[in-house]
Amino acid sequence: MHLTEPFGDRALTQPLVERMMSLAERLSPRQVRLMEVCGSHTMSFFRTGVRSLLPDNVTLLSGPGCPVCVTPNRELDQMIALASLPNVTVATFGDMLRVPGSRSSLVQARTSGADVRVVYSPMDALTFAEADPSREVVFLGVGFETTAPTVAATVLEAARRDLRNFSVLVAHKLVPPALRALLTSGEVRIDAFILPGHVSTIIGAQPYAFLESEFGIPSVIAGFLPTDLLEGVVGCLELVAYDQAEVRNRYARFVRERGNVAAKSVLEETFEPCDAEWRGFGVIPESGLRLRPHLRRFDALERFTLDLPEPREVHGCLCGEVLKGMVSPDECKLFGTACSPENPIGPCMVSSEGACAAHYKYGAHRAVKV
Amino acid sequence: MCLAVPGKVLEKDGMDVTVDFGGTRRRARADLTPDIVVGEYALVHAGFVIQKLDAAEAERTLEYLREMGEHAPD
Ligand code: SF4
Ligand code: SF4
């Protein structure tokens, strides 16, 4: 897809492209490294053709922005083990199905007879639980701040209906603590962040203030249309060029300064922060969620006893490094050879928003291999 | 995973809403935007309205998604 194809309104994009070029020139020969935190941004940059327009001295790094990709094998193994228990139905978003854990995947469990159902909304899991009180229904709670409130509202609804056969495996992750971990580790140089639009719709702009105050890193909250993506890049380049480290909101039509207050209060009522493990990062303090004590009866890990061996990783898969922006997908030896969307070895190739899948789909692998 | 799609609220019954995504209708929940009313535009993610939208902006986004052939909320 290139800019000659349907690209929204050229009259709106052209001035942004020009502004981007002139800022890049002004910054040259400096190499500017922008991290797009969100996996939907990774895909959108390719799909809209905006990525192919970037000036030579501007590099886009993909960050830990896909909840599927950052779910560690330990949690995947738990999900697969739960699905394999007798009398348990597991309900999940479709993205999780093919992700390999240490030893198998949900789809393999299903082939072996497990009841794994793909749902569009976590509320569908409540419907299953109500329809058959003799079965235990477990929802796999995966996702960032965009998704966590939908699961929180579902748990509150389950409490209201006093459902006894419904629980959630809570594997939610929070974006700001991951950004902090990334910057604290000092493993990768980042000049500015393009911050996720829909996560920010919930949390608002305020939680990113530490990027400026503690790390002096500028950032721009951006949406997913071509103009949004360009505004994200232009905003970052402006801030870098003028040495300003503020948080800019370029998605104000959806993102308010304080976010969605009602959604935040549903989240707050349901969950409390806890330490959580991320693929590639290990445990990041206060970066996950767990049910508050009065709702723990809905915690799948409290309800079922799982005795699992230590998780293991596939030899050679660089997903952990990809998620930290340390390597580009095509630097993985398995990329496009042993690992492809048809036969994915790591989650970054499985998830439709994974960096490896995006690079593969849009031909970055061919450019490298020829 | 947190793809979110704008649509217009056609019906509301308690926390259950019906949203029109340029022709496709789906049910969603309004627990996270309890004050949304019929006729307003909604950003929907995983079966929940996660934000209310300004009509003009919603139309602009919908128009673009239509061009890209991506307006189904999955
Ligand atoms: S889940 Fe949210 S943050 Fe992650 S890739 Fe999707 S839109 Fe971006
Ligand atoms: S190419 Fe495959 S194996 Fe390599 S990092 Fe990506 S997902 Fe992992």
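Biologist: How many residues of chain A and of chain B take part in the contact?

Modeller: In this predicted model, chain A gives 40 residues and chain B gives 30 residues, where contact means heavy atoms within 4.5 Å. Local features need pLDDT of at least 70, side-chain atom pairs count only at pLDDT 80 or more, and totals for chains, interfaces and linings use all residues. Residues are numbered from 1 along each chain as written, chains are lettered from A and ligands numbered from 1 in written order, and side-chain values use heavy atoms, without hydrogens and water.

Biologist: What area do chain A and chain B bury between them?

Modeller: About 3,000 Å² is buried, 63% of it on carbon and sulfur atoms; this is the accessible area (1.4 Å probe) lost when the two parts are put together, summed over both.

Biologist: Why is the pair R29(B) and E157(A) called a salt bridge?

Modeller: The term requires a side-chain nitrogen of Lys or Arg within 4 Å of a carboxyl oxygen of Asp or Glu. The closest N and O atoms of R29(B) and E157(A) are 3.3 Å apart, so the pair qualifies. The count between chain A and chain B is one salt bridge.
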